[in-house]
There are 2 protein chains.
Amino acid sequence: MATMPYDAVRTPTMLLNPAVCRNNIRRMAEKARAHDLIFRPHFKTHQSRVVGRMFRDAGVERITVSSLRMAAYFADDGWKDITVAFPVNLREIDAINALAARVRLQLLVESADTVRRLCEGLRHDLDVYVKIDAGYGRTGIAHDNRTAIDAVCEEIARCPRLRLHGLLAHAGDSYHAATPEEVRNVFERTRAGLTAVAAALRPRHPELIVSVGDTPGCTLAEDFTGVDEIRPGNFVFYDVMQLELGACAAEDIAVVLAAPVVAVHPARGEFVIYGGGVHLSKEQHGRAGGETHFGRVVLLTDEGWSPPLPDTHIVRLSQEHGVVRSTPEIIDLLHPGALVGILPVHSCLAAACMRGYLMLDGSEADHCAGQPYTTQS
Amino acid sequence: MATMPYDAVRTPTMLLNPAVCRNNIRRMAEKARAHDLIFRPHFKTHQSRVVGRMFRDAGVERITVSSLRMAAYFADDGWKDITVAFPVNLREIDAINALAARVRLQLLVESADTVRRLCEGLRHDLDVYVKIDAGYGRTGIAHDNRTAIDAVCEEIARCPRLRLHGLLAHAGDSYHAATPEEVRNVFERTRAGLTAVAAALRPRHPELIVSVGDTPGCTLAEDFTGVDEIRPGNFVFYDVMQLELGACAAEDIAVVLAAPVVAVHPARGEFVIYGGGVHLSKEQHGRAGGETHFGRVVLLTDEGWSPPLPDTHIVRLSQEHGVVRSTPEIIDLLHPGALVGILPVHSCLAAACMRGYLMLDGSEADHCAGQPYTTQS
């Protein structure tokens with residue numbers, strides 16, 4: 001049995017179990033293959049070249065990111081086909097040109113005006129997806145607004161440097177679903193909306209692909225008719241939100257925040273960890289019964305970590321503190337200086353807070369926005 | 001009129017108005033002087049040596065931080081008297097010793113067991129505060145648990161390297177107060193609890209000081225009888241939470257996130273900014289009427305920024321996107337590529353997300369956990 005690197009942990013540290021990670025990647029890659037889908041995973045969850053290489057080992061060549069900086073970081077690590085799944089930020093035209101010069105780049109557009117202004121600044125060719133709002137209501141052209149969709153497509157056609165690559169939607173509301181059935185309904189609504197638009201456009205744009213994202217949908221859906229590409233991201237780590245939604249099992253969660261215990265209050269039924277909003281983000285999750293929490297708790301073990309402890313949740317979270325409500329039996333095991341593990345509510349945001357990982361084999365993995373894990377406290 | 005550096009902004013960027021900052025510092029320093037209080041401001045809000053020097057210019061010599069790393073960063077910039085206002089993390093004994101060797105260091109303890117184990121590892125002298133829970137219920141010994149308080153004090157007395165410096169409480173519940181009157185009540189409860197403990201201990205510990213924190217209390221309270229030291233932090237920037245609580249005016253807020261507009265949806269009454277949970281944190285604030293929001297919006301001007309726009313709030317926040325609900329008049333002013341400013345709900349957390357500032361004079365200020373502002377996206 002390998003020695004776990006817990007003794008090296010001084011301050012809150014994001015632990016990553018690479019075996020779980022690779023398993024999550026393998027399963028989603030197999031699902032994409034089984035449904036004949038392009039697998040373009042979203043790297044905004046992990047933002048690490050080390051995790052990126054696990055995807056490469058699984059045969060992935062195309063990726064999704066959410067910023068140009070992230071795209072540049074992964075381009076530096078040899079990725080050649082990158083979608084920035086965020087509406088074009090016209091203030092970054094220089095970064096767009098620099099990137100388009102060295103990788104196959106796809107951007108998202110949703111208005112004719114943006115296409116026109118993007119085109120004016122471009123010095124290299126690139127592909128665009130038209131962002132469609134299939135009901136989520138964040139960004140994109142409403143799927144039934146065919147006039148606006150046609151106007152964008154015509155503006156793209158007028159620009160010699162742009163090529164229409166596909167239609168793209170993100171069904172972010174699947175994260176707020178309460179059951180797998182609700183997730184499948186959201187996915188189906190998105191699929192139906194997007195494929196209807198694609199069918200209308202295909203006579204003039206036969207090459208157009210349909211791209212959908214979101215981990216709950218890609219994990220739980222089985223009908224991908226008319227879909228060409230999936231872009232899930234969170235599944236590489238999963239988290240408490242996905243667990244409580246039924247999109248993963250507890251043993252599929254690949255990251256925990258190792259957090260030192262700094263105070264134990266048996267009379268209150270609580271203990272306090274070094275681990276707060278700057279480490280986990282303030283993302284909260286509603287439990288059945290109405291109370292919300294900021295993370296579930298595990299014990300670190302010689303193999304990794306335990307299943308989530310019963311009746312044990314972070315109930316309050318300040319900048320650096322987390323207050324955990326727990327049972328007398330568990331509180332009795334703890335003392336200041338001990339370590340516990342926190343399963344994050346939302347692993348993407350917690351990883352973005354921590355900006356670096358300690359792998360269970362003792363190696364470190366960096367994060368494109370940050371510094372090695374050891375400096376975060 | 002100076003030229004504002006907005007043209008340099010490509011991605012979400014934390015703007016800092018140094019004149020507002022210096023004014024906030026001056027007022028709090030004056031209040032401390034008027035009440036004959038030691039002013040030991042909490043630097044966890046700004047975490048920047050540049051802002052730290054503004055405090056030094058105002059005569060401040062003693063500071064509070066919330067991690068040993070932050071303490072080391074400010075020690076490197078010449079600060080010599082530093083309180084780490086976080087329960088001792090026994091896993092960081094090496095960092096504690098390294099710091100105690102070079103500055104006058106105060107730590108927080110709240111159990112005899114922790115004091116004993118801290119003492120075993122110490123190689124340098126240091127001072128401790130006993131953390132008292134005066135009703136907030138996060139960390140500290142309950143103010144009416146005199147047995148536990150006495151036990152900690154006796155354990156401190158047994159350790160040759162430790163000296164009892166004072167009693168410390170943080171009334172974090174003042175942040176959740178709805179009115180200035182409630183803030184004053186929380187402050188008064190804390191003051192009364194702490195000074196009663198101090199009175200009981202003073203016969204044996206005549207040097208003991210009483211230290212209280214929290215920006216709302218220190219801003220709004222007028223009766224500091226029995227208090228020796230204040231440690232507010234947030235007031236250097238203030239934020240929407242403080243504004244809506246009545247602890248500051250809109251023109252006292254010293255930071256805004258400059259955020260590019262990436263999509264405009266007049267039919268929905270919304271626009272979308274590049275600026276999400278990784279930039280602002282997911283801290284939310286309840287408005288009168290029950291709806292919560294993630295930030296208020298200003299227009300950037302030649303002097304800095306406008307007052308908060310009416311009926312304009314971030315109503316949804318994902319990893320990188322913010323969806324702003326606004327009025328037709330305001331939406332009509334905007335287009336993709338424009339910049340707006342976001343007044344953060346909680347400036348401490350937003351600053352910890354952004355880790356760097358662009359000052360209105362065009363210079364940059366670093367953050368102890370991060371990199372210059374330009375690399376954050």
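Two residues are in contact here if their C-beta atoms, placed from the backbone, lie within 7 Å. This is a predicted model, in which local features need pLDDT of at least 70, side-chain atom pairs count only at pLDDT 80 or more, and totals for chains, interfaces and linings use all residues. Residues are numbered from 1 along each chain as its sequence is written, while chains are lettered from A and ligands numbered from 1 in the order in which they are written.

**View 1. B:Phe74 and its contacts.** Leaving out residues up to four places away in sequence, B:Phe74 touches B:Phe43, B:Gly52, B:Ile63, B:Val65, B:Trp79 and B:Ile82.

**View 2. Strand β18 of chain B.** Welcome to residues 339-344; strands (E, at least two residues) are DSSP runs, numbered from the N terminus. All 6 of the 6 residues are buried, so the strand is largely enclosed by the rest of the structure (buried means that 20 or more other C-beta atoms lie within 10 Å of the residue's own, with C-beta atoms placed from the backbone). B:Leu339, B:Gly341 and B:Leu343 point one way, and B:Val340, B:Ile342 and B:Pro344 the other.

**View 3. The partners of β18(B).** Strands pair if DSSP finds at least two bridges between them. Strand β11 (residues 255-265) of chain B pairs with β18(B) in the antiparallel sense over 4 bridges, and B:Ala258 has B:Gly341 as its bridge partner. Strand β15 (residues 295-298) of chain B is also antiparallel to β18(B), joined by 4 bridges; here B:Gly295 stands opposite B:Pro344.

Terms used:
A residue is buried if 20 or more other C-beta atoms lie within 10 Å of its own, exposed if 12 or fewer, and partly exposed in between; C-beta atoms are placed from the backbone.
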